[in-house]
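The sequence and structure are shown first.

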Amino acid sequence: MKRLFAIICATIALLARPGVAAAHDFEPGVLVLKESAPHRFDVAWSPPIDSRGAPAGVALTFPAPCSYAGALLDCGAAPLQGTIGFDGMHGSRMQVIVIIEWAGGDTLERLVTGADPRVVVGGVPGREMFVWLQLGVKHIATGFDHLAFVLGLLLVVGCNRRLVTTITAFTLAHSFTLALAATGNLSLASRPVEATIAASVVLVAREGLHDRATAARRYPWLVAAIFGLVHGLGFAGVLNDLGLPRASSALALVLFNVGVE
């Protein structure tokens, strides 16, 4: 049973490599509207794409009397109010993060899904920072390589007091590099990071196949901390793709990490 579990962990590491994800998995889209003049907004729009990089064909619709052309949304003499729609979204896997920043400092943040592909903008802007908490939960729930590494640690350490120390070391390490990378203070190419994450899963799977007193078994917390630094860079890749909101980047980062935990 122990050998079978280790083999499963190693298989997950191989299947989690870039480029082998299912085509129906989507990276979230991002819509950012920033008011540059009264009732005029600069538009930055990145539609959802599937895991192979193909666009999902999502089109934006804005409430009247707003007109959208190029990278500019002009609502004339009226404020931005009504429904922003996302035509072509289907299924709960498709998501779009919406961030609207008014010149006065108010911000609206929403997570739109295919189940209800619209945002209703009212007279009073609001903030749903739990968008970032949701994204953290979603990322770890589908991050099978990260989960396999933690399960591999359990296989090596067992259910005892050392497990608490080991998981704590992993948590502190990945939180550290996540914060550095997501705020732009640390940057590494994604492919070496992803390859190292896969190697970490293979390592703990191999260690789970024997009972010899190796360094990994004597100091599992150190192994967890070292590879935790790399896993944190993997988590940060998601936030770098989405872009943290400038007005509340610290809170968004904390909530994303809480979601991961």
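## Largest cavity

Helix α5 contributes the most to the lining of the largest cavity, with 3 residues; helices are DSSP runs of H or I with at least four residues, numbered from the N terminus. The model is predicted, so that local features need pLDDT of at least 70 and side-chain atom pairs count only at pLDDT 80 or more, while totals for chains, interfaces and linings use all residues. Residues are numbered from 1 along each chain as its sequence is written, and side-chain values use heavy atoms, with hydrogens and water left out.

The structure holds 1 cavity of 30 Å³ or more. On a 1 Å grid over the protein atoms alone, a cavity is a set of points where a 1.4 Å probe fits but cannot get out, and lining residues have an atom within 4 Å of a point. At least two lining residues come from each of α3 (144-157), α5 (190-207) and α7 (220-242). The lining consists of L153, V156, L203, V204, E207, A216, P220 and V223. By class, 7 of these residues are nonpolar, none is polar and 1 is charged.

## P220 in the lining

P220 belongs to helix α7 and also lines the largest cavity. P220 counts as buried because its relative accessibility is 3%, the cut-off being under 20% relative accessible area with a 1.4 Å probe and protein chains only.

The C-alpha atoms of P220 and V156 are 7.8 Å apart, although 64 residues separate the two along the chain. Beyond its neighbours within four places in sequence, P220 contacts V157, R162, T166 and A215, where contact means heavy atoms within 4.5 Å.

## Second largest pocket

A pocket is an open set of points with protein on both sides within 12 Å along at least five of seven lines. The second largest pocket has a volume of about 160 Å³. Two or more of its lining residues come from each of α3 and α4 (161-182), and α4 gives the most, with 4 residues. The lining includes H146, F170, H174 and E261, and divides into 7 nonpolar, 3 polar and 1 charged residues.

## Disulfide

The whole structure contains 1 disulfide, defined as a pair of cysteine sulfur atoms within 2.5 Å. C66 is joined to C75 with an S to S distance of 2.0 Å, and the link is right-handed, with 100 degrees about the S-S bond. C66 is buried at 12% relative accessible area, and C75 is buried at 1%.

How values were computed:
Grid points are joined across faces, edges and corners, and a volume is the space filled by probe spheres set on the points. Ala, Val, Leu, Ile, Met, Phe, Trp, Tyr, Cys and Pro count as nonpolar, Asp, Glu, Lys and Arg as charged, and the others, Gly among them, as polar. Buried means under 20% relative accessible area, exposed over 50%, partly exposed in between (1.4 Å probe, protein chains only).
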